[in-house]
Amino acid sequence: MDNLTNNKKKDVEKKDILKPIESVKGELVFEDKVIQKIIGIALDEIDGLLTIDGGFFSNIAGKLVNTDNTTSGVDVEVGKKQVAADLSIVAEYGKDVTSIYEKMKQVISEEVKKMTGLDVIEVNVNVVDVKTKEQHEKDSVTIQDHLNDAASATGEFTSKQAEKAREALGVASEKVNNGVQNVKENVEESKEPRVQ
């Protein structure tokens, strides 16, 4: 009888597991930063788009510290079914900016839809600058890069000086040990027994 009861319990559990997914309540919500990141990463390989620009303060921060902040310069408004995006960009000099804009709209729409199911209804792009690739790369060297270079050079100098100090310390230590040994030997020789 126990075997029959166990089989019925298993059948009931299977029915519970197989109930329609639509009957499960809940809501899927995306934070703005998630959509910003999807857009930032998706735009990484667009020809002629040098950078998404976060404005003056972002540029100052970017000059100070290397960051992989893909959300800088991307503002979004995220609803339950739709997304609107505003971007500020630096385009490559000599490239067709309207083609870059069209490609951006396509990539943003496809990636956001693929990853979230949300429809992109608006993409506004503000071109804040145009630069050659060479100028962009030159401008991308940050204060942190300069500090890292200086720290590396200082580290090498410090290592060399420390090695010299270790060598000098080794010589001095050897001389001290020899001196201590000589003192011990002299003390041993000068000791006379107190009793005979």
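A: Helices (H or I, at least four residues) and strands (E, at least two) are DSSP runs, numbered from the N terminus. Going from the N terminus, the elements of the protein chain run α-α-β-α-β-β-α-β-α-α. That makes 6 helices and 4 strands.

Q: What should I know about the model itself?
A: It's a predicted model, where local features need pLDDT of at least 70, side-chain atom pairs count only at pLDDT 80 or more, and totals for chains, interfaces and linings use all residues. Residues are numbered from 1 along each chain as its sequence is written, and side-chain values use heavy atoms, with hydrogens and water left out.

Q: How much of the chain counts as buried?
A: Of its 196 residues, 19% do. Buried means under 20% relative accessible area, exposed over 50%, and partly exposed in between (1.4 Å probe, protein chains only).

Q: OK, which residues touch the most other members of the largest nonpolar core?
A: Ile35, Ile39, Leu43, Leu87, Met104, Ile108 and Val112, out of 23 residues in that core. A nonpolar core here is a set of buried Ala, Val, Leu, Ile, Met, Phe, Trp, Tyr and Cys residues joined through side-chain atoms within 4.5 Å. The elements giving two or more residues to it are helix H2 (32-42), strand E1 (49-52), strand E2 (74-78), E3, H4 and strand E4 (119-131).

Q: What does Ile108 touch?
A: Setting aside neighbours within four places in sequence, Ile108 is in contact (heavy atoms within 4.5 Å) with Ile39, Leu43, Leu87, Val120 and Val123.

Q: And which residues of H2 are buried?
A: Ile35, Gln36, Ile38, Ile39, Gly40 and Ala42. The buried residues of H2 pack against E1, E2, E3 and H4.

Q: Switching topic: His136, buried or exposed?
A: His136 counts as buried, because its relative accessibility is 18%. His136 sits in helix H5 (residues 133-139). Not counting residues up to four places away in sequence, His136 touches Leu50, Thr51 and Lys131.

Q: How about Tyr93, where is that one?
A: Tyr93 is in the loop between strand E3 (82-92) and helix H4 (97-116). Tyr93 is exposed, since its relative accessible area is 58%.
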